[in-house]
Amino acid sequence: MGKIDIINVEKFYGSYHALREVSLSIEEGEFMVLVGPSGCGKSTLLRSIAGLEDISGGVISVNDQPINDLSPQERNIAMVFQNYALYPHLTVKDNLAFSLKIHKFDKAEIEKRIANAAEMLGLTDYLSRRPRALSGGQRQRVAMGRAMVREPTAFLFDEPLSNLDARLRVEMRSEIRNLQRTLGTTAVYVTHDQVEAMTMGDRIAVVNQGGLEQVGTPLDLYRDPNNMFVAGFIGSPPMNFITAQASGGVATLKDGQQIMLPVRAEGEIKIGLRPEHIFLDKQEHHHSLNCSESRHFDLGSSLQFFFDLCGEEIEVSASRDVRTHTKAEVNIHFDPADLLVFGPDTNRIR
Ligand code: ADP
Ligand code: MG
């Protein structure tokens, strides 16, 4: 078990700057999620921790010991991949035993660890099958088991659930999380799916263009994003942004409508407002903006509206009981305390 410190890590592929001054401390036993769009450097960072990539600068240490110069085997960190990377010609049992045999564990110890992992993963009855005779979820469990039997310092997961259908993915999220809690092993989990990040992570590190935008608990990132990237990436449906000119505590939209801001700002700003914080029925403390409705969709459990506000699209999630007849002019209502304000550099103004 161990804590992992990533200190000012840089990675270049030729002239391409893939990781930029990445610093992140992962506590012992913590489940850290790296989330960000495709191509932002998540796998590169994970592979650097595993030792599958050489870093170009900085230090990665485990339990305060630098591991930069250790081979992947010497690091004793287990990686679980999206494609499972199982040996198709070996049984489940032999897949689980493979790395232990390489490391010359004695037979009794191998049997014990396999029995233990198979029991925890519900694979006891499948040990003599080959991977092709297993479901996607079972294959993923075998991949997990292969990591577990090594009793590693940490687990690294690179989008392990991407090949599974939506329902199974939701189940496997809880399974992986419960297993990790039971074992108490530090985990770093990569995903591009912010819902997965929100539901699994003790903390989430938001990655963008090779750098870390913000690190925090799921609710920290949702409630208190530092910039427009994090505000727009965390939360579903994504946050709306409204362009305005600010003067003191008042914002003026392009069409002259004014709203009170929760902070003081000057000049061009973006106002962030989440779809779930906009209401179609006015409450006492609510402020209002006049929009025109462009379209709405009935999702069964709720209604999804899109409004036009000065040429910008505003999404609103509404419960089914609001009236659905289309009107040219609509007032949307919100609690001004729910507004976030961002400056021209996209950073939050607090
Ligand atoms: P993610 O996992 O977030 O989708 P990656 O870490 O795989 O992103 O890749 C980050 C960036 O580095 C991408 O632009 C990718 O094209 C580039 N990259 C990854 N591996 C290599 C490589 N071996 N050589 C050159 N560029 C690479
Ligand atoms: Mg990747």
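## Lys104, between α3 and α4

In this predicted model, the loop between α3 and α4 holds Lys104. Its phi is near 60 degrees, a positive value in a residue other than glycine. Is Lys104 buried or exposed? With a relative accessible area of 72%, Lys104 counts as exposed, because the cut-off for that class is over 50%.

## Other backbone features to look at

Cys310 also has a positive phi, near 50 degrees, and is again a residue other than glycine. You will find Cys310 in the loop between β14 (303-309) and β15 (312-318). Cys310 is partly exposed, at a relative accessible area of 22%.

A cis peptide bond is worth checking too: it joins Ser236 and Pro237, with omega at about -5 degrees. Pro237 sits in the loop that runs between α9 (228-233) and β11 (240-252).

## Helix α5 and its cover

Helix α5 spans residues 136-149, so defined as a DSSP run. From the first C-alpha to the last, its 14 residues reach 20 Å, close to the 20 Å expected at 1.5 Å a residue. Just after α5, Glu151 takes a positive phi of about 45 degrees.

How many of the 14 residues of α5 are buried? The count is 12, which leaves the helix mostly covered. Among the buried residues are Gln138, Arg141, Val142, Met144, Arg146 and Val149.

## The surroundings of ligand 1

Now to the ligand site. Around ligand 1 you will find Tyr13 and Tyr16, then Pro37, Ser38, Gly39, Cys40, Gly41, Lys42, Ser43 and Thr44. By class, this shell has 4 nonpolar, 5 polar and 1 charged residues. Which helix gives the most to the shell around ligand 1? That is α1 (residues 42-50), with 3 residues.

A polar side-chain atom of Thr44 lies 2.6 Å from an oxygen atom of ligand 1, and a polar side-chain atom of Ser43 lies 2.8 Å from one. For Cys40, a backbone N or O atom lies 3.2 Å from an oxygen atom of ligand 1. Taken alone, the ligand exposes 560 Å², and the protein buries 58% of that.

Definitions and conventions
Residues are numbered from 1 along each chain as its sequence is written. Chains are lettered from A and ligands numbered from 1 in the order in which they are written. This is a predicted model: local features need pLDDT of at least 70, side-chain atom pairs count only at pLDDT 80 or more; totals for chains, interfaces and linings use all residues. Side-chain values use heavy atoms; hydrogens and water are left out. Helices (H or I, at least four residues) and strands (E, at least two) are DSSP runs, numbered from the N terminus. The expected span of a helix is 1.5 Å times one less than its number of residues. Buried means under 20% relative accessible area, exposed over 50%, partly exposed in between (1.4 Å probe, protein chains only). A residue is near a molecule or strand if one of its heavy atoms lies within 4 Å of it. A polar contact is a pair of N or O atoms within 3.5 Å; within protein, one must be able to donate a hydrogen and the other to accept it, and residues adjacent in sequence count only if both atoms are side-chain atoms. Accessible areas come from the Shrake-Rupley method with a 1.4 Å probe; for residues, only the protein chains shown count as cover. Ala, Val, Leu, Ile, Met, Phe, Trp, Tyr, Cys and Pro count as nonpolar, Asp, Glu, Lys and Arg as charged, and the others, Gly among them, as polar.
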